[in-house]
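Biologist: Can we walk through this one together? I have some questions as we go.
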Amino acid sequence: MRTTQGPTDHVVVVGAGLAGLSAALHLLGAGRRVTVVERDPLPGGRAGRRDVGGYRVDTGPTVLTMPDLVEEAFAAVGHRLADRLDLVPLHPAYRARFADGSSLDVHTEAAAMEAAVEQFAGGREALGYRRLRQWLERLYAVQMRRFIDANFDSPFQLLHPDLARLAALGGFGRLDARIGRFVTDERLRRIFSFQALYAGVPPARALAAYAVIAYMDTVAGVYFPRGGMHALPQALADSAAEAGAAFHYDTSVARLERSGDRITAVVTDRDLRIPCDAVVLTPDLPVSYRLLGRAPRRAVPLRHSPSAVVLHAGTDRTWPELAHHTLSFGAAWKGTFHELTRTGALMSDPSLLITRPTAGDPGLAPPGKHLHYVLAPCPNTDIGPDARAWGELGPRYRDSVVAELERRGLAGFGSSIEEECLVTPADWTAQGHAAGTPFSAAHTFPQTGPFRPANLVSGTVNAVLAGCGTTPGVGVPTVLVSGKLAAARITGPRPRRSTVPAPRPVPKGTAV
């Protein structure tokens, strides 16, 4: 494995998002001195927090899976997850509601889910689910060590017996077709393939290997941190600070000083000059490349994932049909993905993710109030409306989403809203996210594994990238891995902790 060149005693990490915090902890654990520079007043990056009229709003991801990766980051400095976070396993992990009026609670415990599938779709589908679960477990076991938790220096590193095992499992076929070999009910197929949208590719075109995300969502377990998702980056930052990291919040990086092919210092917008031996850059790729003064050449420009409109709504009531996470599917499916990834049109029959974090922690809202997070996927600004158009389009689309929720049974949703915050691709663009999407580069085959933008950049011998734009990709588990991989580029490989199969920590809380 290639590593940075020269001394690495002091490392500056740019960005206190999940990738940067993971990198900081792994660097500290390897004996490096670490300084973290963050433009926001709090840690978290995309997983930030905003206070809206007494409601504590998580601005980023709402789904936490694979807590063993969080445990690994804490363990790098001798800390324990159980002492730092109160994680609650969610039962059900999701509730899926369909256009025909049916619904299914998605359980991560095998027997509970098999029984639910049998009641929902019959014994044949329950047997298919059992086989599907076994396939997902095998798929994860093959992929995690070799293809996800790994630094690539060359595509030739793919030539390993695990590649043949992945091929034998059908990993290079199409996701939707492979899921269909196990379950034929179209509603069930959606539950185990909608995760492809996280990777920015429709299920019909996504590699079956990306079913590993369905493993994380539907097998390994879904968790909620008391205090909201922002409690995760806050706990990681506190752990890093206690281990000796220095943090500079409300501070942006203006430029990097160079001497030949080495970064010698990070200079902030406050004229603070921080000498360094190496630097980890976690902003979105265009920002990192601008700081480095060069971008790698690619034969084909990067394709970006769809974006999202998010409505954070503080309400005076809630609805019993909503679980902590509810997937509200429209009747359309393939057409929806065509709109999001091909034509650039807004979903004509939307599928929505509704998260109710106050189900797990009522303290996120004022007494007697509730917090709802409604995510509507939308085209990115490369193929859909540009950032300027969303100034007028955003409020109209917000109203159409609220009306759709009410048509789907959440009567009075609009009138129940007391405080709200609407986030559109214009906001993602203002935060520096390419193509107006927080989900970065899509996981097409030419943008996966060793073909994804590398975490080492030619022309600079002591800079490393981390975050969702580089390897291994998008999602809370993968950006935590990206931070660890970035640290390994500086420190060299360290002994691995087992991640197969994924252990489940003993939570301090109870199920909700």
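Modeller: Keep in mind that this is a predicted model.

Biologist: How do S17 and S18 pair, and over how many bridges?

Modeller: Strand S17 covers residues 352-355 and strand S18 covers residues 370-378; their pairing is antiparallel, over 3 bridges.

Biologist: What sheet are they in, and what is the strand order?

Modeller: An open sheet of 7 strands, in the order S8-S7-S16-S17-S18-S15-S19, with mixed pairing. Strands S8 (103-106) and S19 (417-423) are at the edges; each has a single partner strand, so one side of each has no neighbour in the sheet. On average, neighbouring strands are turned by 20 degrees against each other, direction ignored.

Biologist: Switching to cavities. How many are there of 30 Å³ or more?

Modeller: The count is 5 cavities. The largest cavity has a volume of about 80 Å³.

Biologist: Which residues line the largest cavity?

Modeller: Among them are Thr 355 and Tyr 373, along with His 312, His 324 and His 372. The lining also includes Val 57, Asp 58, Phe 224 and Met 229.

Biologist: And which strand gives the most to that lining?

Modeller: S18, with 3 residues. Strand S4 (55-58) and S18 each supply at least two.

Biologist: Now the helices. What is the span of H10?

Modeller: Helix H10 runs over residues 231-242, 12 residues, and reaches 16 Å from its first C-alpha to its last. That is close to the 16 Å expected at 1.5 Å a residue.

Biologist: Which residues of H10 are buried?

Modeller: Ala 231, Leu 232, Pro 233, Ala 235, Leu 236, Ala 237, Ser 239 and Ala 240. Just after H10, Gly 244 has a positive phi of about 115 degrees.

Biologist: Where is Phe 445?

Modeller: Phe 445 is in the loop between helix H15 (425-430) and strand S20 (463-465).

Biologist: What is Phe 445 in contact with, leaving aside neighbours within four places in sequence?

Modeller: Leu 207 and Phe 451. The C-alpha atoms of Phe 445 and Ala 206 are 8.5 Å apart, although the two residues are 239 residues apart in sequence.

Biologist: Last one: where does Pro 286 sit?

Modeller: Pro 286 is in helix H11, residues 285-292. Pro 286 is partly exposed, with a relative accessible area of 42%. Its C-alpha is 37 Å from that of Gly 360, 74 residues away along the chain.

Technical notes: Residues are numbered from 1 along each chain as its sequence is written. This is a predicted model: local features need pLDDT of at least 70, side-chain atom pairs count only at pLDDT 80 or more; totals for chains, interfaces and linings use all residues. Side-chain values use heavy atoms; hydrogens and water are left out. Helices (H or I, at least four residues) and strands (E, at least two) are DSSP runs, numbered from the N terminus. Buried means under 20% relative accessible area, exposed over 50%, partly exposed in between (1.4 Å probe, protein chains only). The expected span of a helix is 1.5 Å times one less than its number of residues. Two strands pair if DSSP finds at least two bridges between them. Axes are lines fitted to C-alpha atoms, for helices over the stretch in contact, and angles run from 0 to 180 degrees between N-to-C directions. Contact means heavy atoms within 4.5 Å. On a 1 Å grid over the protein atoms alone, a cavity is a set of points where a 1.4 Å probe fits but cannot get out, and a pocket is an open set with protein on both sides within 12 Å along at least five of seven lines; lining residues have an atom within 4 Å of a point. Grid points are joined across faces, edges and corners, and a volume is the space filled by probe spheres set on the points.
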